[in-house]
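Subject: Structure handover

Hello,

Here is the model we talked about passing on. Please load it before reading further.

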Amino acid sequence: FDIVGYGCMTCIGNSGPLPEPVSEAIEKGDLVACGVLSGNRNFEGRIHPLTRANYLASPPLVIAYALAGTVLIDFEKDPLGTNPEGKLVYLRDIWPTREEIQAVEKEIVVPAMFTDVYSRIQQGNKRWNSLVAPEGQLYPWDDKSTYIKSPPFFEKMGKDVSKPESIKDAHVLLNLGDSVTTDHISPAGSIARNSPAARYLGNRGLTPREFNSYGSRRGNDAVMARGTFANIRLVNKFLSKAGPRTRHILSGDEMDIFDAAERYQKEGRQVIILAGKEYGSGSSRDWAAKGPWILGIKAVIAESYERIHRSNLVGMGIIPFQYVGGQTADSLGLTGTETFSIDVPDDLKAGQELQVKLSDGRTFQVKTRFDTEVELTYFRHGGILNYMIRRML
């Protein structure tokens, strides 16, 4: 056993690569490799792109599963292994008693340790204290930085609030199913070497070992936009294989999702997303709403939403629509190749139902998931960021 990292390093997938023979075996056999961790996130592919099934457990159980070498074990009946004498060893034989744990706590976890650390907490360290910080009220953006970049959220913002924009002949960028998590939408882990984000960083002179993770580059919208929907386990109904790819409907070309969104924007076409139940489930993540906004996504039509992610979409000016009357994309016969038009009235109400017009002449109703008047206010401003800026002016 080796310590490879603490906290976010493991949780976000920065613990390093698997041994090459293991990686090759998983990919060649299309194996469902498992991980057991004592973190707080177990999305598929998050701990490592090649571990699809990840299980949360207490630290002692992580060790126990590691000793067993499999998750297919019943600790009550199955042994972890054998001792040097050949005797079967079960979990109950090595599980520490409460008295043993307390003895270690009394010896190791002592008040003096916390007193010492917190007495020096404001002193920093030599490297931190030697940093030169810029002065002035405005941040001096460095165009060469690949970590911190001036974001585009206010580039097209005017002083006055404009009328809400309707959805007109929008194409479907992604046709998704149930339980799409915020980690599918905006992964925090490693940057794949063949991804749009990797190409962006490579063009700026970085080598793959310098790419770091999406989580570490949250201050660079160009990287995060290219990392939106970049999860290798994303299932898009337009394609037969999971991955961060989609189909450009007009041409039929298969391409990276960022490239498709960029092409639609250059063509002057709006895009939306179709989704199933619990869209945006998992941990709250601001880039799961910011990234889609940069890609030009105007709306999502889903069966249901995770509460916080729906609110975050509203906060970026993206309309969360919901099917009504138990309808779904399947029950309506939606293929995602249609174009979608929705007239958004100037006097839009919270929870109002609107009509969706398809390019083939069909129509159906959706409910706008603005659940409060405050959310409607944010939307009319183009998002909560714009709302706050206008309040400050």
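Below are the notes on its overall build and its salt bridges.

This is a predicted model: local features need pLDDT of at least 70, side-chain atom pairs count only at pLDDT 80 or more, and totals for chains, interfaces and linings use all residues. Numbering starts from 1 along each chain as its sequence is written, and side-chain values use heavy atoms, without hydrogens and water.

Overall build. The chain has 393 residues, and 40% count as buried (under 20% relative accessible area; exposed is over 50%, partly exposed in between; 1.4 Å probe, protein chains only). There are 15 helices and 13 strands (DSSP runs: H or I of at least four residues, E of at least two, numbered from the N terminus).

Salt bridges. The structure holds 22 (a side-chain nitrogen of Lys or Arg within 4 Å of a carboxyl oxygen of Asp or Glu).

- Asp183 pairs with Arg285 at 2.8 Å, N to O. Asp183 sits in helix 8 and Arg285 in the loop between strand 8 and helix 12, so the pair ties together parts 102 residues apart in sequence. Asp183 is buried at 2% relative accessibility, and Arg285 is buried at 7%.
- Glu375 pairs with Arg310 at 2.9 Å, N to O. They lie in helix 14 and helix 13, so this pair ties together parts 65 residues apart in sequence. Glu375 is buried at 8%, Arg310 at 6%.
- Glu254 pairs with Arg245 at 3.4 Å, N to O. Glu254 is partly exposed at 41%, and Arg245 is partly exposed at 29%.

Best wishes
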